[in-house]
Amino acid sequence: MSEQPRYVYVSTRASIDPVKTVILFPPVDQARTEAAAQEFAQQSGWIDAVESDAAVLMVAVAGDGWDSCPADMPMRLYQENRRSFKAAGAGSAASGGSLWAWETLIYLVGYGDGATFAGNYQLSCPGFAAASVLVDGSPNALAALDEPSEHWLVKDPVDYDVKNRDIPIAAWFMGAGNAQAMLEHAVAVDAAEPAEDVEISGHATQVFANPANAGMQVRVTPGLTGADPAIAAAGMDFFCRVIRWKNGPDGTLAPRRTKDEFYHDGAYFHDEVEHGGERYHYAVYLPKGFTRDQARNLSLVISIHGRGEPTWIFAEKNGWERLADETKAFAVMLPDSPGNVWSEERDAPALAKMVEQTVSSFGLCKERTYITGFSNGAVFTCQMASLHPELFTAASPWNGPCLEAIVSSGLGRFVFAPGFGDGEYEMPFWIAAGDSDDKAGELTTEEVDVVLSANACDRATGERLDPAEAYVADRGYSQGDRFDTTVYRNAQGVEMVAQTRMKNMPHGAIVDEARAAWEFMKRFRRPVGSKRVEVV
């Protein structure tokens, strides 16, 4: 299979943070050659837009017209190039020095017949991109809506009978484009409410949106047309506000804060500590409407990002902030690591400082301090819980790689500190991993045995929970059928360890996991100075 022809522009600002991949399909008369594609990218403003946003732009080339191109050209372009983008400075440690073109941050742009091509692909593989901008052109492949999902994020999903029309999308139609196909799709998944009329970039715009999820929307702006650079500027702002989390066969579309909003819109408190010549930023989220005084004596959940995934993107991903708003029982602290990667030798003292500073600054309950993390953050969760058990009440690692992967990546010397399994300190654990995770996997049997030993649990006591009873809608779960949980009890019959495999889960997580982890961990408190936990 020959490589798809394209022109590539990489922002000089792109470095360790994950980059958006914007795939542009010009009108065919401006897509015949790489030189023509480059000229259109410059003329239309997309090179300037991706430069400002530290993103990557791929402009597709169609020498014989879009009708002659393979229908899956967007996927081919992404798969062939995703690991080849190089930054002017240091690339992401998550991608071996290359820029990290993350599956959650792919966006499609099309003009004229290029918009028809891009829009048709969005209808036929709606889980691929997080959003699209389609100018002066419309998709016409309505029959694709009734086709089964390609489920590109999970190779062989189990019991997954989903059609394309069931998968939420986000799209912005400008100029002469007809949004009807996307609107029919959006309505089919209850993603469209009656249009709201707003002004965007000085032009009247109709916004059809899902009130329960602002990420699911279709915008229509007739006044923005042609290769006007204002389209690229507005389109990139649109892309900065929507993401498709990699947490199921087709991902989950969701709204998100921009980097600037995360740091400046007042939703989070921001602070930092210094250690080893590094400055460590961290953010604190209080239940919505809470002041510092109202937060006194709340529990604390520390949520640790994965490798390559900075806090400003990771925030809200796993639903801890949403759960804090709902329960009003805890604050959330989200620490940032240098270079977006955690190493226990370098970072353990810094996190200990962040935890102590947060508890003191907000007057939180030191006896109810819980640590959780994803991927590299899951490993760091295990390392911190075993190195400094006096700081934490319970722990919840998600999708954490095993010791072999950690050592080979230079991320630490151990998963659990030597001697942790001897049982000097109790540390309840709620462990989760995806059954289709090809990035990290899960803790090994031997590593879980260390946790069982630390909590005086016998593997023979393991009991599988019935998800139809444990993870029901009445208790707030929306995807309870994805849980396969085994719990382990100590001699007193207390559930001290839980291990969960999530059905059809790639290297991602869902909000329901946060709910389950919280329900497990909140039962425990650790009296100051105690090596044992108490059941609340």
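Hi everyone. Let me begin with a definition: a residue is called buried when its relative accessible area is under 20%, exposed when that area is over 50%, and partly exposed in between. Please keep those cut-offs in mind, and remember too that what we are looking at is a predicted model.

Ala54 sits in the loop between α2 (46-52) and β3. Its relative accessibility is 22%, so Ala54 counts as partly exposed. Now take Ser343, in the loop between β15 (330-335) and α11. Here the relative accessibility is 16%, and therefore Ser343 counts as buried. What does Ser343 touch, leaving aside neighbours within four places in sequence? Its contacts are Ala348, Phe380 and Leu411.

While we are in loops, have a look at the backbone. Ala54 has a positive phi, near 60°, although this residue is not a glycine. Asn297 is another residue other than glycine with a positive phi, in this case near 75°. You'll find Asn297 in the loop between α8 (292-295) and β14 (299-304).

Next, the sheet. Which strands make it up, and in what order? There are 9 strands in an open sheet, running β1-β3-β2-β4-β5-β6-β9-β8-β7, with mixed pairing. At the edges are β1 (6-10) and β7 (196-200), each of which pairs on one side only. From one strand to the next, the twist averages 20°.

A quick reminder for anyone new to this: strands in a sheet pair through backbone hydrogen bonds, and they can do so parallel or antiparallel. We have both kinds here. β1 and β3 (residues 56-60) run antiparallel and are joined by 5 bridges. Within that pair, Val8 has Met58 in β3 as its bridge partner.

Two helices to point out on this sheet. Helix α3 (residues 73-81) packs on it and touches β1, β2 (19-25), β3 and β4 (101-111), with a direction at about 140° to that of β2. Helix α4 (residues 113-124) packs on the sheet as well, touching β2, β4, β5 (131-135) and β6 (170-174), and its direction makes about 140° with that of β4.

Now zoom in on β4. Is this strand mostly covered or uncovered? It is mostly covered, as 11 of its 11 residues are buried. β2 and β4 run parallel, joined by 6 bridges, and Val22 stands opposite Tyr107 in β4. β4 also runs parallel to β5, through 5 bridges; there, Gly110 has Leu134 in β5 as its bridge partner.

On to the helices. Helix α11 covers residues 344-362, which is 19 residues. From first C-alpha to last it reaches 26 Å, close to the expected 27 Å. Its buried residues include Leu351, Met354, Val355, Val359 and Phe362.

The axes of α10 (residues 320-327) and α16 (residues 511-521) come within 9 Å, at a crossing angle of roughly 55°. That angle is why α10 is described as oblique to α16. The crossing is right-handed. Where they meet, α10 brings Trp320, Arg322, Leu323, Glu326 and Thr327, while α16 brings Val511, Ala514, Arg515, Ala517, Trp518 and Met521.

Key: Residues are numbered from 1 along each chain as its sequence is written. This is a predicted model: local features need pLDDT of at least 70, side-chain atom pairs count only at pLDDT 80 or more; totals for chains, interfaces and linings use all residues. Side-chain values use heavy atoms; hydrogens and water are left out. Helices (H or I, at least four residues) and strands (E, at least two) are DSSP runs, numbered from the N terminus. The expected span of a helix is 1.5 Å times one less than its number of residues. Buried means under 20% relative accessible area, exposed over 50%, partly exposed in between (1.4 Å probe, protein chains only). Two strands pair if DSSP finds at least two bridges between them. Axes are lines fitted to C-alpha atoms, for helices over the stretch in contact, and angles run from 0 to 180 degrees between N-to-C directions. Contact means heavy atoms within 4.5 Å. Angles under 35 degrees count as roughly parallel, over 145 as roughly antiparallel, 65 to 115 as roughly perpendicular and the rest as oblique. A crossing is left-handed if the near helix is turned anticlockwise from the far one by less than a right angle, and right-handed if clockwise.
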